[in-house]
Amino acid sequence: MTFPNGESQERLKRMEEALKDTRRLVVLTHDNPDPDSVSSAVTLAYLVSQRLKIPTKVKYGGIVGRAENRAMIRNLGLRVSPLTESDFKPGVDLAVVDMQPRTGNNSFPRNRKPLIVIDHHPLRKTTKADFLDIRTEYGATATILTEYLLISGLEIPSAIATALSYGISSETQDLGREAREKDIQAYLALFPLSNKKLLASIEHPKLSRDHFITLSRALHHSFIYKNAIATSLGEISNPDFVPFTADFMLRCERITWALCLGRYKDRIIVSIRTTNAKGEAGRFLRRLIGKRGTAGGHGMIAGGQIHCTTMEHEHCTKLEEEITQGFLKKLGYKDAVEMTPLLLPSQ
Ligand SMILES: [Mn+2]
């Protein structure tokens with residue numbers, strides 16, 4: 001099997017045709033971007049600015065919270081910045097990566113249509129674009145962008161190769177979660193071009209004291225029932241603590257489903273993780289949250305949010321209990337079950 005195959009060649013051509021009248025481009029990631037979306041966005045910006053000479057900026061909504069993601073941007077000198085109102089002014093075309101508008105996890109304006117959408121999440125009915133490249137069979141959006149980059153014939157800067165390697169490895173937990181042959185091939189193509197020292201500095205960053213405080217809270221507020229674990233973090237200073245905690249708790253022995261909830265600004269952030277490759281976590285969480293908010297994801301990972309009219313403690317606690325009970329019910333534990341603390345007093 002050749003990598004990349006002719007399909008990406010064809011798609012790159014069509015993408016460039018879609019950009020023929022573009023004078024300026026903004027590439028938008030999802031809110032609180034992860035390494036997959038950041039590396040995909042900077043690679044798209046590099047392709048467009050180098051090949052078509054179109055001035056291109058990478059923008060994100062929310063914050064970059066996770067220490068690894070901050071290290072990635074800082075140590076690789078990636079040019080990404082928070083979104084401002086003026087990014088959406090007329091005359092600027094918009095591209096989105098690793099997300100689709102109107103799914104609740106991004107700040108794409110409702111009155112605009114993106115020129116380009118490149119993503120590996122399932123296509124939503126509402127998604128429209130001049131150029132659409134959705135590949136759900138890929139473990140990472142960064143793999144799609146790696147194919148474009150390899151086909152473009154452009155020189156591959158070490159910072160971009162390193163960013164994409166980390167994008168693929170973190171999205172797939174070192175190629176173990178939802179990674180397919182394409183992801184492995186992309187990673188292997190990038191590996192010789194990546195800066196190993198910088199890669200290590202991204203994977204093992206210093207952690208804030210806040211991180212340890214939240215970790216302690218997570219441990220004390222985790223409850224188990226059979227193969228399920230649920231954690232309520234309460235108020236958090238950094239939305240990325242929620243997916244981080246869900247990943248971490250899933251490592252507990254015998255646990256195959258993890259739910260984590262955290263209160264951030266005007267919403268409750270929800271993450272689901274499962275070790276079940278057929279878990280359909282995205283659909284699971286969309287049904288669990290229902291009309292209370294929005295959610296998305298894929299086979300083994302999913303994220304969502306519940307917008308709250310009030311963040312009053314009682315109200316949030318009640319909502320969180322509802323979600324936790326719903327989580328257990330969807331796993332087949334029909335009656336209201338009693339969960340036990342993860343940290344039982346030592347015997
Ligand atoms: Mn992704």
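Gly293 stands opposite Ile306 in strand 12. Strands here are DSSP runs of E with at least two residues, helices are runs of H or I with at least four, and both are numbered from the N terminus. Please keep in mind that this is a predicted model, where local features need pLDDT of at least 70 and side-chain atom pairs count only at pLDDT 80 or more, while totals for chains, interfaces and linings use all residues. Residues are numbered from 1 along each chain as its sequence is written, and side-chain values use heavy atoms, with hydrogens and water left out.

**Exercise A.** How many bridges join strand 11 to strand 12, and do they run parallel or antiparallel?

*Solution.* Strand 11 covers residues 293-297 and strand 12 covers residues 301-307. Five bridges join them, and they run antiparallel; two strands pair if DSSP finds at least two bridges between them. Now follow the chain: a hairpin of three residues leads from strand 11 to strand 12.

**Exercise B.** In what order do the six strands of the open sheet lie, and which strands stand at its edges?

*Solution.* The order is 3-2-1-4-5-6, with parallel pairing. Strand 3 (80-82) and strand 6 are at the edges; each has a single partner strand, so one side of each is left without a neighbour in the sheet. On average, neighbouring strands of this sheet are turned by 25° against each other, direction ignored. Angles are taken between axes, lines fitted to C-alpha atoms (for helices over the stretch in contact), and run from 0 to 180 degrees between N-to-C directions. Next, look inside the sheet: strand 1 (residues 24-28) runs parallel to strand 2 (residues 56-60), with four bridges between them. Val27 has Val58 as its bridge partner in strand 2. Finally, helix 1 (residues 6-18) lies across strand 5 and strand 6, at about 145° to strand 6.

**Exercise C.** Which residues are the protein donors of the manganese ion?

*Solution.* They are Asp36 (OD), Asp98 (OD), His120 (NE2) and Glu171 (OE), at 2.1 to 2.4 Å from the ion. Donors are N, O and S atoms within 2.8 Å of the metal (3.2 Å for Na, K and Ca); water is not among the atoms, so sites may look incomplete. Along the sequence, the spacing is D-x61-D-x21-H-x50-E.

**Exercise D.** Is Thr29 buried or exposed, and what is it in contact with?

*Solution.* Start with its place: Thr29 is in the loop between strand 1 and helix 2. Its relative accessibility is 1%, so Thr29 counts as buried. Leaving aside neighbours within four places in sequence, its contacts (heavy atoms within 4.5 Å) include Ser37, Val58 and Met99.

**Exercise E.** Where is Ala228 found, and which residues does it touch?

*Solution.* Ala228 is found in strand 8 (residues 228-235). Ala228 is buried, with a relative accessible area of 0%. Not counting residues up to four places away in sequence, Ala228 touches Phe223, Ile255, Trp257, Phe327, Leu328, Leu331 and Met339. To finish, Ala228 and Thr340 are 112 residues apart along the chain, and their C-alpha atoms are separated by 11 Å.

Key:
Buried < 20%, exposed > 50% of the residue type's maximum accessible area, 1.4 Å probe, protein only.
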